Amino acid sequence: FSAYIMQAMSVVDGTAEEFVQRNRFAMEASSEAIGPVAYPWGFPLLLAPVYALVGLALFVFKLLEVILYQLFLFVLWFGLADRLTKAERLAVLAIFAFNPFMLRFSNNVLSDIPFLLFSTISLLMIDRVARNLVLKNVAGFGVVLGLMVAAAFFMRSNGVLLLPILVLACWLADRRYRILMAGLLGFAVPVLLLSSVLPDAQGSYVDQLRAISVNSVWANLLYYAKLLQDFFAPSTDLRHLGLLVYLLTLPFVGAGVYMHWRGSWGFLLYAGLTLALFVAWPFQQGLRFLFPLLPVYIYFGVLGCRELLGP
């Protein structure tokens, strides 16, 4: 996580341009691509005030991750209130709150948990638009939604996948143009402001796409097909147990998707686009890449349990 911390330090010190120049040299002088010239600035901007207050304190940086993960659980509880029963929501929260992998991962200083939070907020808000739910303040809701999508995009570049889902949801839901325009405004303004203040080096991600090949796509298909076993494994030494639990969940997830896809198409589209992106992406970074898919997977698994095991 050194690059995120160095970017945060460069924000506080006013040396962002210098950081990008130094890191560009390091990346381009490496024998192979080991990372982008600069990560999206969202997570470094979250770390910057912490660094300004307490300095280089890894414990406090990690504490921020824990707080953001708790906010994610809070969002799940209230965001799924009109979709799942209280018992079902308790089951969803328990799966995440006591998950060994997620608890261990919060010991990192990485953008994946912040991205999980903001992408989940965005997806749940888009879902309310897609279902044509009555909104008290349409324009205000749209602006906040756009800001949440922008926050997800600032954390990880693949947050941009939320934009086409937002557009489609507004189009299909009685053409809710006011929400769409407010949402696009809420997204565009902070993106333009940030790009005018901090250097943009996201083009280095595009350069890494040159490594895509048929072999890498096939290898990624096999890799991601079984990767969720890590989420269900109690420890790295018991991945075989995680694989067993993962396989047992598949029929329930399949039943949930089959019975409820019409009312939850936004969740599925986002999961499909995200998975397609990382299957095509030539590098593998473990389960953290699939964090935004986990709420979707567990949600449909719970619905499947309701259909197959309910009265």
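Predicted model: local features only at pLDDT ≥ 70, side-chain atom pairs only at ≥ 80, totals over all residues.

Start on the outside, with Met-181: it is exposed, at a relative accessible area of 56%. You'll find Met-181 in helix α10. Which helix supplies the largest share of the nonpolar patch? That's α9, with 4 residues. Both α9 (162-172) and α10 (177-197) put in at least two residues each.

Next, go inside. In soluble globular proteins, nonpolar side chains tend to be buried together. Select Leu-47, Phe-96 and Phe-291: in the largest nonpolar core, which has 93 residues, these three touch the most other members. Colour helix α7 (residues 112-130) too, as it gives the most to this core, with 11 residues. Then show what surrounds Leu-47: beyond its neighbours within four places in sequence, it is in contact with Tyr-4, Ile-5, Ala-8, Phe-61, Leu-64 and Val-109.

Pick Asp-112 and Arg-288, whose closest N and O atoms are 2.8 Å apart. Asp-112 lies in helix α7 and Arg-288 in the loop between α15 (265-280) and α16, so the pair ties together parts that are 176 residues apart in sequence. Are these two buried or exposed? Asp-112 is buried, at 1% relative accessibility, and Arg-288 is buried as well, at 17%.

Now jump to Arg-306 and Glu-88, another salt bridge, with 2.7 Å between the closest N and O atoms. Because Arg-306 sits in helix α16 (residues 294-309) and Glu-88 in helix α5 (residues 86-97), this pair links parts 218 residues apart in sequence. Arg-306 is partly exposed at 32%, while Glu-88 is buried at 13%.

For a local pair, select Arg-22 and Glu-18, which meet in a salt bridge at 3.0 Å, N to O. Both lie in helix α2 (residues 16-28), 4 residues apart, about one turn of the helix. The structure holds 9 salt bridges. For a network of them, select Asp-82, Arg-83, Asp-127, Arg-128 and Arg-131.

Two asparagines to finish. Asn-132, in the loop between α7 and α8 (138-155), has a positive phi, near 60°, in a residue other than glycine. Asn-220, in helix α12 (residues 214-227), is buried at 2% relative accessible area.

Key
Residues numbered from 1 in each chain as written. Heavy atoms only, no water. Core = buried A, V, L, I, M, F, W, Y, C linked by side-chain atoms within 4.5 Å. Buried < 20%, exposed > 50% of the residue type's maximum accessible area, 1.4 Å probe, protein only. Contact = heavy atoms within 4.5 Å. Salt bridge = Lys/Arg side-chain N within 4 Å of Asp/Glu carboxyl O.
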